[in-house]
Amino acid sequence: MSFRQNHLLGIEPLAPDEITAILDLAEDYVALNRSDNKNTDVLRGLTQINMFFENSTRTQSSFEIAGQRLGAHVMNMAMQASSIKKGETLIDTALTLNAMHPDLLVVRHPHSGAVDLLSQKVNCAVLNAGDGRHEHPTQALLDALTIRRAKGRLHRLNIAICGDIAHSRVARSNLLLLHKMENRVKLIGPPTLVPSAFAELGCEVYEDMQEGLKGADVVMMLRLQKERMDGGFIPSEREYYHRYGLDQAKLSLAAEDAIVMHPGPMNRGVEIDGTIADDINRSVIQEQVEMGVAVRMAAMELLARNLQERRAAAA
Ligand code: NCD
């Protein structure tokens, strides 16, 4: 068994063989999800609680479907209506839930590090569904599976990540993963959104999108995370689209068979032209969503196996 983690808090602690273990198992789930009977009993008897302290469409529904297809009892906490609104701390909420003996906790939180903190207070497996600007590991894993399927490999690729890198947990998790798997990663955006410190992480940083896109096998576009910006990071959306929006002319500088990715939600006409997003010969955005369910099923299965081993050893 090559997956050795108790939690999935980020890509940072994972070794390359652990990443591969998740992706390989996810392949089985891609096949299952495309078949008529999508039900398994891998998580039968286990309880999965989803706690989303931030809005989410795809990630929350993806985790919910993943848990259901694995046969878990899945509960979505309505965080907007929870006691957090009455002043209860994250830790008190966690302890309350912990007393109900959940097995898997899926948590999204606006503060970087909050999910990590929570994992130290509970005795179940915790999955980070996005914490502040820090990490969003299942997004990077689903992106990796999408890339591996489209390109036939996950190493030695030329990958451009474009846009609001500074505020993006998706970018952070992706660049950690893509480096571990030995790819060339290029970050593209205005200096206000791509801090030069990222160069220290081994990335190439480009302010000029035309320059950065040259020869890219994968073009990953990111949303402007306005909710995390405390002032003007760009002159205007029109100006931004002109310089950093992915259109046909800019995409033509990438490799001829380059794929276009976006984690969603997309702002058409701001970071990406709508016709490119919808171009089935280029865009793998729908595949990303499909891979999301499979990757989450795989991650939850591997964590549940480790949890059950720990419990058996402690008994
Ligand atoms: C992202 C997120 O929430 O981090 N969305 C997602 O999970 N697919 C990216 C974003 O909000 O722009």
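Tutor: The crossing of H5 and H6 is right-handed, meaning that the near helix is turned clockwise from the far one by less than a right angle. The model is predicted, with local features needing pLDDT of at least 70 and side-chain atom pairs pLDDT 80 or more, whereas totals for chains, interfaces and linings use all residues. Residues are numbered from 1 along each chain as its sequence is written, and side-chain values use heavy atoms, without hydrogens and water.

Helix H5 covers residues 137–151 and packs with helix H6, residues 169–180, at an angle of about 55°, their axes being 8 Å apart. Axes are lines fitted to C-alpha atoms, for helices over the stretch in contact, and angles run from 0 to 180 degrees between N-to-C directions. From H5, Pro137, Gln139, Ala140, Leu141, Asp143, Ala144 and Ile147 meet Val170, Ser173, Asn174, Leu177 and Leu178 of H6 (heavy atoms within 4.5 Å). This contact of H5 with H6 has eight nonpolar, three polar and one charged residues.

H5 also lies across strands E5 (158–162), E8 and E9, and runs at about 165° to E9. These strands belong to an open sheet of five, ordered E7-E6-E5-E8-E9 with parallel pairing (at least two DSSP bridges between two strands). Strands E7 (204–206) and E9 (259–261) stand at the edges with a single partner strand each, so one side of each has no neighbour in the sheet. From one strand to the next, the twist averages 20°. E8 (residues 218–221) runs parallel to E9 and is joined to E9 by three bridges; Val219 has Val260 in E9 as its bridge partner.

Technical notes:
Helix = DSSP H or I, 4+ residues; strand = E, 2+ residues; numbered from the N terminus. Nonpolar A, V, L, I, M, F, W, Y, C, P; charged D, E, K, R; others polar.
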